[in-house]
Amino acid sequence: MIRNLSLASNRKSNYVKELEFLSRSSIYLLKNSSAQKLFRYVSQNLFHLTGAGISVSEYDPLTNSIIVRAIHFSGSQKNIIERILGLKVLGMTLPFDESTRKKFNSGKLSKVSGGLYELCFKRIPEPACLLIERTLHIGDIYAMAFVVEKDFIGTIALITRKDSKFRNFQLVEAFVNQCAVALKRIKTEEQLLETKHVLETEKARLIELEQKKDEFFGIASHELKTPLTTVKAYAQLLEKNLPSELDKPHSRAQRYVSRLLSEVERIEALVNDMLDVNKIVQGKLTYHQHEFELNSLIEDVIHTYTLISPKRTVIKEGKSDKKIRADENRIRQVMINLLSNADKYSQSARKILVVVRDSATEIIVGVRDFGIGIPAASQGNIFKLYYRVSERVQGFGLGLYLSSEIIKRHGGRMWFESKEGKGSTFYFSLPVMAEAG
Ligand code: ADP
């Protein structure tokens with residue numbers, strides 16, 4: 001009776017010891033964040049638990065191979081193995097055998113019936129394997145995979161001696177499965193870190209490219225400005241001084257010169273936009289503000305616009321006699337940009353509406369067209385620099401970015417409503433001057 005009791009308490013204490021071991025290892029595994037440290041931890045602990053020679057390998061899905069990451073043998077066993085094989089066991093890479101995956105994937109220890117030769121996926125000559133087995137008195141060999149939700153991460157092998165028997169299979173299995181979960185977490189974290197690093201490097205590269213692009217635009221537009229002004233001056237001179245026999249309203253020479261002038265003006269507008277963008281990016285765009293009536297400026301722009309583009313009718317609705325304090329040229333630039341966009345993206349629609357209304361605090365101007373509209377998916381990007389919905393119509397995606405920056409700098413807002421195929425209305429608001437008195 002007493003003997004039975006002491007046996008029971010002995011068994012119980014073993015059980016408690018095993019539980020303690022698992023809870024200690026789970027704490028270590030929670031804290032550990034290095035796969036290599038974990039492989040060493042597994043090999044040391046399995047060696048102490050079983051007394052068997054241990055090899056821990058990692059699966060590399062890229063090369064579909066198994067790489068030995070940690071080993072633990074007693075005495076000179078490791079040296080003997082390495083002498084027979086003529087190579088180092090640690091770091092040894094073996095092409096992975098698919099059938100092994102199925103065999104070891106069960107989450108349980110399986111006996112490797114073909115001994116060392118099978119353990120090495122038959123990649124090491126059989127006589128060498130047999131010689132090692134004989135020299136080291138190798139008995140049964142067991143293997144098991146680190147596997148989490150069918151994700152195969154690596155393997156462990158227990159190489160026992162003929163004269164020894166180990167029995168605590170369940171403890172080994174629980175421990176290896178615990179390690180597999182930790183390994184999976186570490187690998188996921190490593191992958192996340194690597195992805196983060198790649199993204200950060202990529203981001204830094206993009207920022208550098210962006211800066212180079214801005215620099216290039218800045219230099220290119222600067223360098224273009226002077227010769228362009230000269231070309232324009234000569235084209236204007238040419239227009240004025242055409243020989244009298246060529247200076248007829250519809251003569252070929254007259255048409256060529258006015259085409260030349262309008263193209264030069266188009267390039268000039270683009271170069272000016274590029275220069276402005278560069279200044280905005282560098283925070284160097286200056287504003288020369290004074291008081292004026294926005295309503296008169298709008299009417300003036302519409303008037304000039306109908307002279308150069310008579311194919312569409314621009315109708316103005318509403319008015320405001322309130323004054324604003326702003327950079328008149330910059331606000332004119334915004335208005336010209338909205339009108340020319342309405343024109344560019346109108347297709348066959350003949351009408352453009354300009355609506356002006358005010359409140360006690362602001363004047364709102366809307367430019368409405370009945371053209372192609374903007375697809376819903378693109379609407380979030382419209383004010384971004386260089387953004388263009390489609391390349392079908394010429395442009396560079398500078399105008400709306402510039403306009404919105406200018407309006408923002410005046411304390412106003414810019415927004416739009418649009419329906420694909422129906423048209424768009426672009427609005428801007430500017431604060432009115434407080435009434436005197
Ligand atoms: P750009 O017209 O030179 O491309 P913008 O910055 O003025 O540059 O406009 C950016 C993009 O917004 C245009 O490429 C066009 O796709 C779209 N867009 C602007 N205005 C309109 C409009 N009135 N109707 C439809 N699409 C427009």
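Biologist: Which elements each supply at least two residues of the lining of the second largest cavity?

Modeller: This is a predicted model. The second largest cavity holds about 40 Å³ of space, and its lining includes Gln 77, Ile 81, Ile 159, Thr 160 and Arg 161. The elements that each supply at least two residues of this lining are helix 3 and strand 6.

Biologist: Which element gives the most to the lining of the largest cavity?

Modeller: About 330 Å³ of space lies in the largest cavity. Among the elements that give two or more residues to its lining are strand 1, helix 3 (77-85), strand 5 (138-148) and strand 6. The one that gives the most, with four residues, is strand 6.

Biologist: How many charged residues does the lining of the largest cavity have?

Modeller: There are 24 residues in this lining, and those closest to the centre of the cavity are Ser 55, Met 92, Leu 116, Leu 119 and Cys 120. By class, 21 of the lining residues are nonpolar and three are polar. The number of charged residues is none: no charged residues.

Biologist: Which element gives the most to the lining of the second largest pocket?

Modeller: The second largest pocket has about 320 Å³ of space. At least two lining residues each come from strand 1 (53-60), strand 6 (151-161) and helix 7 (169-240). With six residues, the element that gives the most is helix 7.

Biologist: How many residues of the lining of the second largest pocket are charged?

Modeller: The lining includes Glu 58, Asp 151, Lys 184, Lys 187, Glu 190 and Glu 194. Four residues of the lining are nonpolar and two are polar. The charged residues number six.

Biologist: Which residues does Met 335 touch, not counting residues up to four places away in sequence?

Modeller: Met 335 belongs to the largest nonpolar core, which has 41 residues, and is one of those that touch the most other members. A second, separate core has 32 residues, Ala 70 and Phe 175 among them. Outside its sequence neighbours, Met 335 touches Leu 297, Ile 298, Val 301, Val 354, Val 365, Val 367 and Phe 428.

Biologist: Why is the protein chain described as more spread out than a compact globule?

Modeller: The chain has 11 helices and 13 strands. Its C-alpha atoms fill a box of roughly 125 × 60 × 40 Å along the principal axes. For 437 residues the globule rule gives 22 Å, and the chain is more spread out because its radius of gyration is well over that, at 40 Å.

Definitions and conventions
Residues numbered from 1 in each chain as written. Predicted model: local features only at pLDDT ≥ 70, side-chain atom pairs only at ≥ 80, totals over all residues. Heavy atoms only, no water. 1 Å grid on protein atoms, 1.4 Å probe; cavity = no way out; pocket = protein on both sides within 12 Å on 5 of 7 lines; lining within 4 Å. Points joined across faces, edges and corners; volume = space filled by probe spheres on them. Nonpolar A, V, L, I, M, F, W, Y, C, P; charged D, E, K, R; others polar. Core = buried A, V, L, I, M, F, W, Y, C linked by side-chain atoms within 4.5 Å. Buried < 20%, exposed > 50% of the residue type's maximum accessible area, 1.4 Å probe, protein only. Contact = heavy atoms within 4.5 Å. Rg over C-alpha atoms; globule rule 2.2 N^0.38 Å.
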